[in-house]
Amino acid sequence: MIKDLVIQSRSYRKFDESVPIPAELLADLVDTARFTPASVNIQPFKYHISTAADELAKVFSFTRWARLLKGYDGPAKGERPTGYITVLADISIAANPDRFRADMGIVAQTMLLAACEQGFGGCMIGNFDAEPYAEAMGFPSHLKPMLIIALGKPAETIYLEDMPKDGQTAYYRDEQDRHHVPKRMLKDLLV
């Protein structure tokens, strides 16, 4: 069952904006993630939930999506996320947040798998300017934005396929705007 969730949980970049993701569900995703393992149990992260239309627009304005898709500025209106969770490092708990990047990946993946289980999906976004974002959102100076997780009802199918013989791993969209993601085969991963 966990493997099925992992396969189903993709980096979605198109959402059905007519289906809001409830703030209560986002809070439950954070509640789920708080039980994950943490390096020396420091637990340095705090979380900010965004679901209000004005705040969704503000968060979206700071995000940069799908670096490999040339000319793609992110989801079009009507296809944007209906919620965000910002993962913030509390430097009053841990002065060097980079030390906890693995923990951040664990909490983010846990939230995305839990969202998938509830029929939602998301995308981790690390491509944003943290300082201007923190200022625009009004975060206190001891909270440093590390990751933005975009969430909503997926409005696209993502096709997983074996990596081609030329070794290209770049994801792409075809002529019908379908998203394809090459994956290395198991036989190529086992040493």
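Biologist: How far apart are the closest N and O atoms in the salt bridge of E156 with R173?

Modeller: This is a predicted model, where local features need pLDDT of at least 70, side-chain atom pairs count only at pLDDT 80 or more, and totals for chains, interfaces and linings use all residues. Residues are numbered from 1 along each chain as its sequence is written, and side-chain values use heavy atoms, with hydrogens and water left out. A salt bridge here is a side-chain nitrogen of Lys or Arg within 4 Å of a carboxyl oxygen of Asp or Glu. For E156 and R173, the closest N and O atoms are apart by 3.0 Å.

Biologist: How many residues apart in sequence are the parts that this pair ties together?

Modeller: E156 lies in the loop between strand 4 and strand 5 (158-162), and R173 lies in strand 6 (residues 172-173). Helices (H or I, at least four residues) and strands (E, at least two) are DSSP runs, numbered from the N terminus. The pair therefore ties together parts whose separation in sequence is 17 residues.

Biologist: Is R173 buried or exposed?

Modeller: Buried means under 20% relative accessible area, exposed means over 50%, and partly exposed is in between (1.4 Å probe, protein chains only). R173 has a relative accessible area of 17%. E156 and R173 are both in one class, and for R173 that class is buried.

Biologist: Which residues are linked with R173 in a network of salt bridges?

Modeller: D177 forms a salt bridge with R173, with the closest N and O atoms 4.0 Å apart. D177 is partly exposed, at 37% relative accessibility. With R173, the network holds K14, E156 and D177.

Biologist: How many salt bridges does the count come to?

Modeller: One of them joins the side chains of K46 and D90, at 2.9 Å from N to O. K46 lies in strand 1 and D90 in strand 2, so this pair ties together parts 44 residues apart in sequence. K46 is partly exposed at 36% relative accessible area, whereas D90 is buried at 2%. By the rule above, the count comes to nine.

Biologist: How many of the residues of strand 2 are buried?

Modeller: G83, I85, V87 and A89 point one way from strand 2. Y84, T86, L88 and D90 point the other way, and both sets are buried. Of the eight residues in strand 2, the number buried is eight.

Biologist: What is the bridge partner of L88 in strand 4?

Modeller: Two strands pair if DSSP finds at least two bridges between them. Strand 1 and strand 2 run antiparallel with six bridges, and K46 stands opposite L88. Strand 2 and strand 4 also run antiparallel, joined by eight bridges. In strand 4, L88 has as its partner P145.

Biologist: Where around helix 3 do the buried residues L56, V59 and F60 lie?

Modeller: Helix 3 spans residues 53-62, and L56, V59 and F60 are buried there. They cover an arc of only 100° around the axis, taken from the directions from the helix axis to the C-beta atoms. An α-helix has 3.6 residues a turn, so residues three or four places apart point the same way.

Biologist: Which exposed residues does the face of helix 3 turned away from its buried side carry?

Modeller: The buried residues of helix 3 are covered by elements including strand 1 (45-50), strand 2 (83-90), helix 5 (130-137) and strand 4 (143-152), where contact means heavy atoms within 4.5 Å. The face turned away from this buried side carries D54 and S61.
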